[in-house]
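Please look over the model below before reading my points.

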Amino acid sequence: VHAVLKRIKAFSDQVRSGKRKGATGKPLTNVVAIGIGGSYLGPEFVAEALRTDAACAKAAAGRTLRFLANVDPVDVTRALDGLDPARTLVVVISKTFTTAETMLNARTVRAWIVKKLGAKAVGKHMVAVSTNLKDVAAFGIDPDNAFGFWDWVGGRYSVCSAVGVLPLALQYGWKPVERFLAGARAMDDHAASAPLDRNLPVLLGMFGVWNSTFLGHATRALLPYCQALLKLAPHIQQVDMESNGKRVSADGQELPFAAGEINFGEPGTNGQHSFYQLVHQGRVVPADFIGFRTSQQPAKLAGEA
């Protein structure tokens, strides 16, 4: 794990400093990360959460990070719109390098690069997050530019692996990524050591079981009063609903009850002018309200400089 992180730090530092350039000698200032599911939702959530942090915004000045997941050609158009291929680095994220949707999009973007820069440019403009080095090489990517992660890392939990760390480090530099990983480690330590009655992940899990399985409240609203967390709900939808959306138990027995909550949500006051009206009808919708002590962008009073 630490060997891969060390390689990502070195690679991202070279790209961001301009030491590593594209096929035409131009610096690589644009990154397009191609993935789907956990290879996209987690990294996009964190990228959006960091975007308006003052230090991260400064570190990302002049750089662009976009994500491509949907096989709808409109998503390809949106991801590549306005980008110069000579300044673009593409990160293909697929553990097996066989995920159908991801590889279709990867071939489409490779064709875009080849058309503009020639076939030899692929090695300088495309890298991989994968463990299938044979297929990475066959695709035209230098296996030395493939960043692996362990097979016990499920896609929906992979944002702290090379899946999330590589695009985030390319956009924001290594220092913010280190802080992000340190925060994740702190929560890991808390989950492993805190008494159960004060253990945040345990309490959230128990509330979910109580509300959905015992009380029969099928939904949970995720309501972050912070626009930077606008991608929290889609990320948690996968983390929670793909994990718990099983009809059988660990030993293969069919469950006699519904497991898991249906998650949905929107940031702050946006939701108040959307679906809160239905909640106010009186039906019970368990809700997680998420606030902050200090905004990334504190509002200035009228007339304040």
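1. Asp189 has 41% relative accessibility, so it counts as partly exposed. Asp189 and Arg185 form a salt bridge, with the closest N and O atoms 4.0 Å apart. The term requires a side-chain nitrogen of Lys or Arg within 4 Å of a carboxyl oxygen of Asp or Glu. The two residues lie four apart in helix α9 (residues 174–193), which means about one helical turn between them.

2. On provenance: this is a predicted model, in which local features need pLDDT of at least 70 and side-chain atom pairs count only at pLDDT 80 or more, while totals for chains, interfaces and linings use all residues. Numbering runs from 1 along each chain as its sequence is written, and side-chain values use heavy atoms, with hydrogens and water left out. Helices (H or I, at least four residues) and strands (E, at least two) are DSSP runs, numbered from the N terminus.

3. Eleven salt bridges turn up in a search of the whole structure. One of them joins Asp288 to Arg220, where the closest N and O atoms are 3.0 Å apart. This pair links distant parts of the chain: Asp288 sits in strand β7 (residues 287–290) and Arg220 in strand β5 (residues 219–224), 68 residues apart. Arg220 counts as buried, at 10% relative accessibility. Asp288 is partly exposed, at 22%. Both belong to a salt-bridge network that also includes Asp240 and Glu261.

4. Glu48 pairs with Arg51 in a salt bridge, the closest N and O atoms being 3.2 Å apart. They are three residues apart in helix α2, so about one helical turn separates them. Glu48 is partly exposed, at 21% relative accessibility.

5. Glu48 also belongs to the lining of the second largest pocket, whose volume is about 380 Å³. A pocket here is an open set of points on a 1 Å grid over the protein atoms alone, where a 1.4 Å probe fits, with protein on both sides within 12 Å along at least five of seven lines; lining residues have an atom within 4 Å of a point. The volume is the space filled by probe spheres set on the points, which are joined across faces, edges and corners.

6. Which residues lie closest to the centre of that pocket? Of the 21 lining residues, they are Glu44, Glu48, Leu65, Arg66 and Phe67. Helix α2 gives the most to the lining, with five residues. The lining divides into eleven nonpolar, two polar and eight charged residues.

7. Helix α1 (residues 2–17) has 16 residues and spans 22 Å from first C-alpha to last, close to the 22 Å expected at 1.5 Å a residue. Its buried residues are Val4, Leu5, Ile8, Phe11, Ser12 and Val15. They cover an arc of only 130° around the axis, so they sit on the same side of α1. The arc is taken over directions from the helix axis to the C-beta atoms. His2, Ala3 and Lys6 are exposed on the other side.

8. In helix α10 (residues 200–214), the buried residues are Gly208, Asn211 and Ser212. They fall within an arc of 85° seen down the axis, so they line one face of the helix. Met206 and Phe214 are exposed on the face turned away from the buried side. Gly216 follows α10 and has a positive phi, near 80°.

Notes. The expected span of a helix is 1.5 Å times one less than its number of residues. Buried means under 20% relative accessible area, exposed over 50%, partly exposed in between (1.4 Å probe, protein chains only). Ala, Val, Leu, Ile, Met, Phe, Trp, Tyr, Cys and Pro count as nonpolar, Asp, Glu, Lys and Arg as charged, and the others, Gly among them, as polar.
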